[in-house]
Amino acid sequence: MMAASYSFIALKTIWIKECTRFLRIWIQTLVPPAITMTLYFIIFGSIVGERIGDMSGRPYMEFIVPGLIMMSIITNSYSNVASSFFSAKFQRNIEEMLVAPVSTPVIIAGYVGGGLARALIVAVIVTVVSFAFVENVSINHAGILVLTVILTSTLFSLAGLINAVYAKTFDDISIVPTFVLTPLTYLGGVFFSISLLPGVWQTVAQANPILYMVNAFRYGFLGVSDVNVGVALGVIVAFNIGFFLTAYTLLQRGVGIRS
């Protein structure tokens with residue numbers, strides 16, 4: 001009972017520290033996503049969307065709203081944990097946590113909780129921004145919507161932590177977002193339905209894990225999806241388990257931390 005109480009205090013402390021960190025610099029963490037998504041809505045929605053027409057039976061502007069929200073969730077949950085954990089490692093603060101009577105799952109949960117909090121706040125901001133461009137933003141399956149947000153932000157928070165463990169300089173933090181996340185996100189059905197692709201490229205597209213996250217989220221909003229929603233959620237859960245076990249193993253072994 002006492003151990004559980006200590007673990008809760010440690011978890012709350014790490015989570016509050018992480019939330020305070022990104023809220024203190026809100027101009028750098030919360031404002032840029034709103035500006036970026038506004039530009040996406042103007043360029044891809046208002047200008048390009050008028051020429052495209054409907055997509056999957058929905059106005060194009062309405063179609064891309066879930067994808068843009070999911071894009072902001074992915075990038076912010078990832079960058080929050082990657083930068084924060086690497087900063088702690090760089091300043092040698094993480095070593096204090098590793099030698100303290102705090103379990104590895106609690107450390108992981110604290111950092112992931114910070115990434116989740118930032119992702120949720122940014123998702124709300126982007127959703128509010130979308131109201132200025134889309135008249136009807138409806139929610140068809142709220143449960144799936146919330147579950148997808150939590151699972152996706154958790155997944156990329158874990159991915160950011162893993163990246164930070166291996167990173168040796170601050171420049172290493174930007175490698176994965178630039179060369180992996182950005183291409184996968186743009187090819188993950190944010191701006192288009194994979195039903196428009198030729199058969200062989202549809203098969204290739206289904207190897208992109210972000211496709212399942214975007215479509216599960218779009219199903220929660222609009223009730224339409226290019227993939228089976230059950231399969232999509234299964235894929236996200238499987239990646240979460242794999243990334244958590246990887247992060248746990250790395251911290252337990254002190255990879256990239258202990259000399």
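With which residue does R58 form a salt bridge? The partner is E62, and the closest N and O atoms are 2.9 Å apart. A salt bridge here is a side-chain nitrogen of Lys or Arg within 4 Å of a carboxyl oxygen of Asp or Glu. E62 counts as buried because its relative accessibility is 10%; buried means under 20% relative accessible area, exposed over 50%, and partly exposed in between, with a 1.4 Å probe and protein chains only.

The model is predicted, so local features need pLDDT of at least 70 and side-chain atom pairs count only at pLDDT 80 or more, while totals for chains, interfaces and linings use all residues. Residues are numbered from 1 along each chain as its sequence is written, and side-chain values use heavy atoms, with hydrogens and water left out.

The structure holds two salt bridges. Besides the R58 pair, the side chains of K17 and E18 meet at 2.7 Å, N to O. K17 is partly exposed, at 40% relative accessibility, whereas E18 is buried, with a relative accessible area of 0%.

Next comes the nonpolar core. The term denotes a set of buried Ala, Val, Leu, Ile, Met, Phe, Trp, Tyr and Cys residues joined through side-chain atoms within 4.5 Å. The largest such core has 78 residues, and L68, F85, I94 and Y111 have the most contacts inside it. Several helices supply at least two residues each, among them α1 (2-24), α3 (31-52), α4 (60-90) and α6 (104-130). The helix that gives the most is α4, with 17 residues. Helices (H or I, at least four residues) and strands (E, at least two) are DSSP runs numbered from the N terminus. Setting aside neighbours within four places in sequence, L68 is in contact (heavy atoms within 4.5 Å) with M37, Y40, F41, V190 and F191.

Helix α12 also contributes to this core. Its buried residues include V229, L233, I236, N240 and L251, and the buried residues of α12 pack against α4, α5, α6, α7 and α11. The expected span of a helix is 1.5 Å times one less than its number of residues; the 25 residues of α12 should therefore span 36 Å, and the end C-alpha atoms are 36 Å apart, which agrees. At the N-terminal end, N228 caps α12 through a side-chain oxygen 2.9 Å from the backbone nitrogen of G230. Just after α12, G254 takes a positive phi of about 70 degrees.

N208 counts as buried because its relative accessibility is 6%. The side chain of N208 reaches the backbone oxygen of L187 at 3.5 Å. Beyond its neighbours within four places in sequence, N208 is in contact with L184, L187 and G188.

In helix α6, L120 is partly exposed, at 36% relative accessibility. L120 and S72 are 48 residues apart in sequence and 9.6 Å apart in space, C-alpha to C-alpha.

Finally, the unreviewed UniProt entry annotates "transmembrane region" over residues including 21-43, 139-166 and 229-251; such annotations, given in the numbering used here with shortened feature names, may be inferred rather than shown by experiment. Residues 21-43 are 91% helix and 0% strand, with end C-alpha atoms 32 Å apart. For residues 139-166 the end C-alpha atoms lie 39 Å apart, and the span is 89% helix and 0% strand.

Terms used:
A polar contact is a pair of N or O atoms within 3.5 Å; within protein, one must be able to donate a hydrogen and the other to accept it, and residues adjacent in sequence count only if both atoms are side-chain atoms.
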